[in-house]
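Me: I am new to this structure and would like to learn how to read it, one feature at a time. Could you take me through it slowly?

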Amino acid sequence: DIHKRLISDICVFKSFSHAAPAMMTSANSNTADTASARNHTPRSPRVAQRRERMRQNVLRMGAKMFLGRGIENVSVEEILADANLARSTFYSIFTSKRDLLFHILDPIFQTGVTHMESLKGKSPTEMVYGVIDMYPMLWERFGEALFLRIGHDEFKLIEKTHNQYVMMIDQLFSGVEAAGILRNGSSPYTQ
């Protein structure tokens, strides 16, 4: 059995060495492969569930620590200690502290956009109530992450999704304003 594995490894090595020049240039130019390797699919549903629980725990812990002490004042090591997580496990889920921050904040705006998209085509009154109902739903789902204050560099991580969120609010309230429901008569001031 060991001999078969050794022969197999040698064959793989030989085929790699013949194709090495082409593979080296594509491997060096494609960093997405290394990122996708971090997010490999677990072999069993139980492992996947455990991995997702760990991921959610790190997201909650990170949000709590970032809120309490500021993003720049929290290290990955401190998150690992509080989450009782090994460094290798953290880096198999997230590529960095910034990646963790992205995964804490971006889903807030994605969820908001999805919720507001579901309000399109409803009556203006239903749209207003739908937007109002969205905020407790976001609070329940994302809690402390909603209070995070981020700087310009961190904002760049979520800028695209944030802009979609703001655009969606503007679209909804422009429709509501046209129906004469807003008191101030100016939807941009409602944001």
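Me: What share of the residues of the chain count as buried?

Reply: This is a predicted model, and in it 30% of the 191 residues of the chain count as buried.

Me: Which elements make up the chain, and in what order?

Reply: The chain has eight helices and zero strands, so that, read from the N terminus on, its elements run α-α-α-α-α-α-α-α. Among contacts between residues at least 6 apart in sequence, 64% join residues at least 24 apart.

Me: Where in the chain is confidence lowest, and where is it highest?

Reply: The mean pLDDT of the chain is 78, with 73% of the residues at 70 or more. Confidence is lowest in helix H1 (residues 2–29), where the mean is 35, and highest in helix H6 (residues 97–117), where it is 96. Over residues 1–37 pLDDT stays under 50, and for this stretch the model has two contacts beyond four places in sequence.

Me: Which residues have the most contacts inside the largest nonpolar core?

Reply: The general idea is that, in soluble globular proteins, nonpolar side chains tend to be buried together. Here the largest nonpolar core has 41 residues, and those with the most contacts inside it are Val58, Phe66, Phe90, Leu100, Ile104, Met116 and Tyr165. At least two residues of this core come from each of helix H3 (45–69), helix H4 (76–83), helix H5 (87–93), H6, helix H7 (124–142) and helix H8 (152–178), and the largest share, eight residues, is supplied by H6. Phe90, leaving aside its neighbours within four places in sequence, is in contact with Val58, Val76, Leu80, Leu85, Ser96 and Leu100.

Me: What covers the buried residues of H6?

Reply: The buried residues of H6 include Leu100, Ile104, Asp106, Phe109 and Met116, and what covers the buried residues of this helix includes H3, H4, H5, H7 and H8.

Me: How far apart are the end C-alpha atoms of H3?

Reply: They are 36 Å apart, which agrees with the 36 Å that its 25 residues should span at 1.5 Å a residue. Among the buried residues of H3 are Arg51, Val58, Gly62 and Phe66, and the helix is followed by Gly70, whose phi is positive, near 90 degrees.

Technical notes. Residues are numbered from 1 along each chain as its sequence is written. This is a predicted model: local features need pLDDT of at least 70, side-chain atom pairs count only at pLDDT 80 or more; totals for chains, interfaces and linings use all residues. Side-chain values use heavy atoms; hydrogens and water are left out. pLDDT is the predictor's confidence in each residue, from 0 to 100. Helices (H or I, at least four residues) and strands (E, at least two) are DSSP runs, numbered from the N terminus. Contact means heavy atoms within 4.5 Å. A nonpolar core is a set of buried Ala, Val, Leu, Ile, Met, Phe, Trp, Tyr and Cys residues joined through side-chain atoms within 4.5 Å. Buried means under 20% relative accessible area, exposed over 50%, partly exposed in between (1.4 Å probe, protein chains only). The expected span of a helix is 1.5 Å times one less than its number of residues.
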